[in-house]
Amino acid sequence: MRTYFFADTETTGVRPTDKVVEIAFIQTDSDFNVLNKDQSLIDPEMAIPAGASAVHHITNKDVEFEPTIEEYMHMKNNPLLFEDAVLVCHSVSFDLRYLGPWMVENVETLC
């Protein structure tokens with residue numbers, strides 16, 4: 001069954017070494033029936049630069065007691081790991097940098 005992940009991340013910056021501070025997604029089937037959805041702040045395990053906070057308004061204090069991305073994926077049984085998934089994002093190459101490690105290799109994408 002083909003599934004679609006409409007996803008968005010907020011991060012500590014735009015470099016590949018930056019980390020996720022928020023994840024949100026809605027998973028649908030091919031008829032766009034909602035199968036799963038979630039949103040969570042994420043502890044990036046590093047300071048959030050002021051410039052990034054100015055964009056998404058998420059501060060170090062906001063993520064202080066939130067799960068890391070690894071903890072989140074473990075708690076949620078890695079909801080992004082589907083063989084026949086399509087990742088749909090605004091600027092998908094950006095989000096794929098941060099979500100790719102949690103998805104199957106060569107996941108199909110739509111921007």
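Guide: Let us begin with residue classes: Ala, Val, Leu, Ile, Met, Phe, Trp, Tyr, Cys and Pro count as nonpolar, Asp, Glu, Lys and Arg as charged, and the others, Gly among them, as polar. What you see is a predicted model, and in it the lining of the second largest pocket divides into four nonpolar, six polar and three charged residues.

Visitor: Which residues lie nearest the centre of the second largest pocket?

Guide: Of the 13 residues that line it, Glu-10, Thr-11, Gly-13, Val-55 and Phe-94 lie nearest the centre, and the space in this pocket comes to about 170 Å³.

Visitor: What makes strand 1 stand out in the lining of the second largest pocket?

Guide: Strand 1 (3-11), helix 1 (50-56) and helix 4 each supply at least two residues of that lining, but the largest share, four residues, comes from strand 1.

Visitor: How is the lining of the largest pocket made up by class?

Guide: The largest pocket holds about 250 Å³ of space, and its lining has eight nonpolar, one polar and six charged residues. Among its 15 lining residues, Asp-18, Lys-19, Val-20, Ile-69 and Glu-70 lie nearest the centre; helix 3 (69-75) and helix 4 (92-99) each supply at least two residues of the lining.

Visitor: Is Cys-89 buried or exposed, and is Cys-111 buried or exposed?

Guide: Buried means under 20% relative accessible area and exposed means over 50%, so Cys-89, at 5%, counts as buried, while Cys-111, at 73%, counts as exposed.

Visitor: Why is Met-103 called buried?

Guide: Met-103 is found in the loop between helix 4 and strand 5 (108-110), yet its relative accessibility is 7%, so Met-103 counts as buried against the limit of under 20%. Leaving aside residues up to four places away in sequence, Met-103 touches Phe-5, Leu-80, Leu-81 and Leu-87. Its C-alpha atom is separated by 8.4 Å from that of Glu-83, which is 20 residues apart along the chain.

Visitor: How do you know that strand 2 and strand 3 pair?

Guide: Two strands pair if there are at least two bridges between them, and seven bridges join strand 2 (residues 20-29) to strand 3 (residues 34-41), so the two, which run antiparallel, meet the rule. In strand 3, Val-34 is the bridge partner of Thr-28, and Leu-41 is that of Glu-22. The two strands form a hairpin with four residues between them, and Phe-32 in the turn has a positive phi of about 65 degrees.

Visitor: What makes strand 2 mostly covered?

Guide: Seven of the ten residues of strand 2 are buried.

Terms used: Residues numbered from 1 in each chain as written. Predicted model: local features only at pLDDT ≥ 70, side-chain atom pairs only at ≥ 80, totals over all residues. Heavy atoms only, no water. 1 Å grid on protein atoms, 1.4 Å probe; cavity = no way out; pocket = protein on both sides within 12 Å on 5 of 7 lines; lining within 4 Å. Points joined across faces, edges and corners; volume = space filled by probe spheres on them. Buried < 20%, exposed > 50% of the residue type's maximum accessible area, 1.4 Å probe, protein only. Contact = heavy atoms within 4.5 Å.
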